[in-house]
Amino acid sequence: MIKYQVEKLDTVYAEIQHLLKMHWEEIAVLKDEIKLNPSYEIYKQIEKAGKLYILTVRDDGFLVGYFVAFLNKNAHYIDEEWAHNDVMFLHPDYRKALIGYTMIREAERGLKDMGATVITIHVKINHPLDALMKRLEYTPNEIHYVRKL
């Protein structure tokens, strides 16, 4: 049975590593130049400040997806509390039915409960989610370019 739940970093950090690696393998564009190496300490500091949101998707207790976001003020729009998606992934075997849709809706509810008034979700252009994001009523906003210096 699929369950969506908010979890703490310590609860998921070890378990999430396999999915993070799978996620990186699927979407990273500069794999030869930039290695996956998440900082537990930085995430822990953000969580301690009350600005880290982790939603997990579990199937009978087994981790199959996640939606991680940071909350913060934006210097351009100080009246709003922004939720910036850090990473979002759903195991390929679960990309069916409404699991991804529901994951994002659950994240929206949880982030709103934390005080967020605006949410941004970044999507890799080589893995578009246009139909899903349109269905969720998101507006395309920016394109980011990346280059290793």
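Let's start at E137, which is found in the segment after α4, the helix of residues 130–135. This is a predicted model, so please keep that in mind for everything I show you. E137 has a positive phi of about 70 degrees, although it is not a glycine. Is E137 buried or exposed? At 69% relative accessibility, E137 counts as exposed.

Where is A97? You will find A97 in the loop between β4 and α3. With a relative accessibility of 75%, A97 is over the 50% cut-off, so A97 counts as exposed.

Now let me step back to the whole protein. The chain forms four helices and five strands. If you follow the protein from the N terminus, the order of its elements is β-α-α-β-β-β-α-β-α. The radius of gyration is 15 Å, close to the 15 Å that the globule rule gives for 149 residues, so the protein is as compact as a globular protein of that length. Along the principal axes, the C-alpha trace spans about 40 × 40 × 35 Å. As for the interior, buried residues make up 36% of the 149 residues.

Next, the aromatic rings. A pair of rings is described by the distance of the centres and the angle of the planes. How many aromatic pairs are there? The count comes to four, and I'll show you two, starting with Y13 and Y40. Their ring centres are 4.9 Å apart and their planes stand at 70 degrees; that angle is over 60, so the pair is edge-to-face. Y13 lies in helix α1, residues 9–27, and Y40 in helix α2, residues 40–48, so this pair ties together parts that are 27 residues apart in sequence.

Which elements does it connect? Y66 belongs to strand β3, residues 62–73, and F89 to strand β4, residues 81–90, so the pair ties together parts that are 23 residues apart in sequence. Both Y66 and F89 are buried.

Rings also come together with charges here. K96 lies over the face of Y94, at 5.9 Å from the ring centre. The charged end of R135 sits over the ring of Y101, 4.9 Å from its centre.

On to the empty space. Rolling a probe the size of a water molecule over the atoms shows where such space is left. I'd like you to look at the second largest pocket, which holds about 180 Å³ of space. Its lining is made of E108, R109, L111, K112, A116, T117, V118 and I119. Which element gives the most to that lining? The answer is α3, with four residues. Two elements, α3 (99–113) and β5 (118–120), each supply at least two of the lining residues.

G110 has a relative accessible area of 15%, under the 20% cut-off, so G110 is buried. How far is the C-alpha atom of G110 from that of Q5? The two are separated by 9.3 Å, although they are 105 residues apart along the chain.

Let me finish with E25, whose place is in helix α1. At 38% relative accessibility, E25 counts as partly exposed. The C-alpha atoms of E25 and F70 are separated by 23 Å, and these two residues are 45 apart along the chain.

That's my tour, and I'm happy to take questions.

Key:
Residues numbered from 1 in each chain as written. Predicted model: local features only at pLDDT ≥ 70, side-chain atom pairs only at ≥ 80, totals over all residues. Heavy atoms only, no water. 1 Å grid on protein atoms, 1.4 Å probe; cavity = no way out; pocket = protein on both sides within 12 Å on 5 of 7 lines; lining within 4 Å. Points joined across faces, edges and corners; volume = space filled by probe spheres on them. Phe/Tyr/Trp six-rings, centres within 6.5 Å; stacked < 30°, edge-to-face > 60°. Buried < 20%, exposed > 50% of the residue type's maximum accessible area, 1.4 Å probe, protein only. Lys NZ or Arg CZ within 6 Å of the ring centre and 35° of its normal. Rg over C-alpha atoms; globule rule 2.2 N^0.38 Å.
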